[in-house]
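The sequence and structure are shown first, and the description follows.

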Amino acid sequence: MKKMLAMLLVLVLVLSLSCTAALAEDVPYIGIIQQMEHVALDQAREGFIQALKDKGYEDGVNVKINYQNGQGDAANLATIADQFVGDQADLVLAIATNAATTMASKTETIPILGTAITDYATAALVESNEKPGYNISGTSDMNPVEGQIALIHELFPDAKTIGVLYTSSEPNSVLQAKMAKAAIEALNLTYVEVTVTNTNDVQQATQQIVGQCDAIYIPTDNVFASSMPIVYGVVAESKTPVIPGESGMVMAGGLCTLGLQYYDLGYQTGLMAVDVLGGADVSTMPIQFANNGYTYTFNKTMADEIGFEIPEKYLEYAQEMTVAE
């Protein structure tokens, strides 16, 4: 009797595992291709996954999420994209422009949602923001560039020359630099720029520009976002204020910004993913912009480092920076 009962329990377990395996094969498969690792992109990914979970899609339960990081390498991104195509993913989240362009070059059928991308049209990913036309849509991280330059002018009214640092191979950085140039010159200030091609150029470029300007602006640039500790090491010594395009860059070595929250942007993209999984045609979904507005971020540690007193009206936005030992 005991032997028969044991056999029945084993049979039930085997049937249960078989049903679970069958369910696992039938759940939606979402690939995440992230250009590189830094705070903003990580936050966008976390927000995306949380939105799915809040809407009933939990990884390992009723959806399979395969996260892959290209570590800033084009060959890695191509390999990841090929993998997702081979796996016949139901949806791919592409985080940052190069990840999206690589994924889009590999498939015209798998729905792709992008995030942390400033301008989809400039990157040749869509026909227009209103009607993408291809198998890709998503959210834009377009920043209030004019407002950020105005913030520099407000905080440092004696600054006559504004330096801009960005990566020449990132289309979205080039676009923001042009916008910054227009805003700087509209204030009758002098614009100077130094560009980089990869992280190896960051220290030299920063050392070069601090001798040419009174303050530095850095757009939402992936190379600089991952290299802000290097920037910090230079500007902390030169006492040059740096206003980056987003809050993660501020807390990694900048002074302040007016920008969006990437977690919220990723969450917004996750809600779009729910619609796609429900049958929405991604090619007809307009590009969305941050719906939670912009907020200030001030790095009090950096302010103290360069001898800048944060105005009282901005103190509520001040945070201490965690400096790696």
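## Terms and basis

Two strands are taken to pair if DSSP finds at least two bridges between them. Helices (H or I, at least four residues) and strands (E, at least two) are DSSP runs, numbered from the N terminus. The model is predicted, with local features requiring pLDDT of at least 70 and side-chain atom pairs counted only at pLDDT 80 or more, while totals for chains, interfaces and linings use all residues. Residues are numbered from 1 along each chain as its sequence is written, and side-chain values use heavy atoms, with hydrogens and water left out.

Six strands form an open sheet in the order 2-1-3-4-5-11, and their pairing is parallel. At its edges are strand 2 (64-69) and strand 11 (288-289), each of which pairs on one side only. Strand 1 and strand 2 run parallel and are joined by six bridges; Q34 has N69 of strand 2 as its bridge partner. Strand 1, helix 2 and strand 2 together form a right-handed β-α-β unit. A crossover is called right-handed if, with the strands pointing away from the viewer, the path from the first strand over the helix to the second runs clockwise. Elsewhere in the sheet, four bridges link strand 4 (residues 112-117) to strand 5 (residues 136-140) in the parallel sense, and I112 has I136 of strand 5 as its bridge partner.

Helix 3 (residues 74-86) packs on this sheet and touches strand 1 (29-34), strand 2 and strand 3 (91-95), with a direction at about 175 degrees to that of strand 1. Contact here means heavy atoms within 4.5 Å. Axes are lines fitted to C-alpha atoms, for helices over the stretch in contact, and angles run from 0 to 180 degrees between N-to-C directions. Helix 11 (residues 262-277) lies across strand 1, strand 3, strand 4, strand 5 and strand 11, and runs at about 170 degrees to strand 4.

Strand 8 (residues 215-218) runs parallel to strand 9 and is joined to it by three bridges, with Y217 opposite I243 of strand 9.

## Strands 10, 12 and 13

Strand 10 (residues 256-259) and strand 12 (residues 295-299) run antiparallel and are joined by four bridges. Within this pair, L258 stands opposite Y296 of strand 12. Strand 12 is also joined to strand 13 (residues 318-319), in parallel, by two bridges, and Q319 of strand 13 is the bridge partner of N299. From strand 12 the chain passes through helix 12 (residues 300-306) to strand 13 in a right-handed β-α-β crossover.

## Cavity and pocket

On a 1 Å grid over the protein atoms alone, a cavity is a set of points where a 1.4 Å probe fits but cannot get out, and a pocket is an open set with protein on both sides within 12 Å along at least five of seven lines; lining residues have an atom within 4 Å of a point. Grid points are joined across faces, edges and corners, and a volume is the space filled by probe spheres set on the points. The largest cavity holds about 130 Å³ of space. Its lining has 20 residues, of which A116, D141, E170, T220 and N222 lie nearest the centre. At least two lining residues come from each of helix 2 (39-54), helix 4 (97-106), helix 6 (171-186) and helix 8 (222-225).

The largest pocket has a volume of about 160 Å³. It is lined by 13 residues, with Q35, M36, G72, N98 and S169 closest to its centre. Helix 3 and helix 4 are the elements that give two or more residues to this lining.

## Positive phi values

Most residues other than glycine have a negative phi. A116, which is found in strand 4, has a positive phi of about 60 degrees although it is not a glycine. Q71 lies in the loop between strand 2 and helix 3, and its phi is also positive, near 55 degrees.
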